[in-house]
Amino acid sequence: PYTLAAAMCSLVLGAGGYRVTLLGCHTPAEEVLRAAVELSAALVTISVSTEPSSLEALTSLCAGANEHGVRLALGGRALCPELRKRLQPDFFGDTMAHLASYGARLMETRQ
């Protein structure tokens, strides 16, 4: 499993003051959402490094996060423009700098 992106997201957000819980790679979308709600997560990040096996799972995660008031940030090399059009997270990022900036803005609004 490709773990570098998840580890980098954890480091970037941890450096920005977030308490980070890393669920690992290939965690089912429903488990990500369950953990986010259970932990009262302010932000969930997902790296889409390969074409998703289930667009329905990502779509459901976006809807569930919105329903529970959890911010969802998506990034990764497999998020082509066509896929982005079909998803509705709170944030799309192309670099870790984008994530750091978004995380900082979100942290400011929560304080």
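**Entry 1: α2 against α3**

I started with how α2 passes α3, and the crossing came out right-handed. I kept in mind that this is a predicted model. Next I looked up the geometry: α2 covers residues 29–38 and α3 covers residues 55–68, and the two pack at an angle of about 15 degrees. Their axes are 9 Å apart. Angles under 35 degrees count as roughly parallel, so I wrote α2 and α3 down as roughly parallel to each other.

Which residues in α2 meet α3? I found A29, V32, L33 and V37 on the α2 side. On the α3 side I noted A57, L61, G64, A65 and H68. I then sorted this contact by class and got seven nonpolar residues, two polar and no charged.

**Entry 2: α1 against α5**

The crossing of α1 past α5 is right-handed. From α1, I listed A5, M8, C9, V12 and L13 as making the contact. From α5, I listed M96, L99, A100 and G103. By class, I have eight nonpolar residues here, one polar and no charged.

**Entry 3: the largest pocket**

I looked up the largest pocket and got a volume of about 1300 Å³. Its lining takes in 44 residues. Which of them lie nearest the centre? I noted G24, V32, T45, I46 and S47. V32 was already in my list for the α2 contact with α3.

I also checked which elements give two or more residues to this lining, and they are α1 (4–15), α2, β1 (43–47), α3 and α5 (96–110). Sorting the lining by class gave me 27 nonpolar, 13 polar and four charged residues.

**Entry 4: the second largest pocket**

The second largest pocket has a volume of about 300 Å³, and I counted 20 residues in its lining. Nearest its centre I have A5, S47, G75, G76 and M96. A5 and M96 are both in my list for the contact of α1 with α5. S47 also turned up among the residues nearest the centre of the largest pocket.

Which element gives the most to this lining? I found that α1 does, with four residues. The elements that each supply at least two are α1, β1, β2 (71–75), β3 (91–93) and α5.

Methods:
Residues numbered from 1 in each chain as written. Predicted model: local features only at pLDDT ≥ 70, side-chain atom pairs only at ≥ 80, totals over all residues. Heavy atoms only, no water. Axes fitted to C-alpha atoms, helices over the stretch in contact; angles between N-to-C directions. Parallel < 35°, antiparallel > 145°, perpendicular 65-115°, else oblique. Left-handed = near helix turned anticlockwise from the far one by under 90°. Contact = heavy atoms within 4.5 Å. Nonpolar A, V, L, I, M, F, W, Y, C, P; charged D, E, K, R; others polar. 1 Å grid on protein atoms, 1.4 Å probe; cavity = no way out; pocket = protein on both sides within 12 Å on 5 of 7 lines; lining within 4 Å. Points joined across faces, edges and corners; volume = space filled by probe spheres on them.
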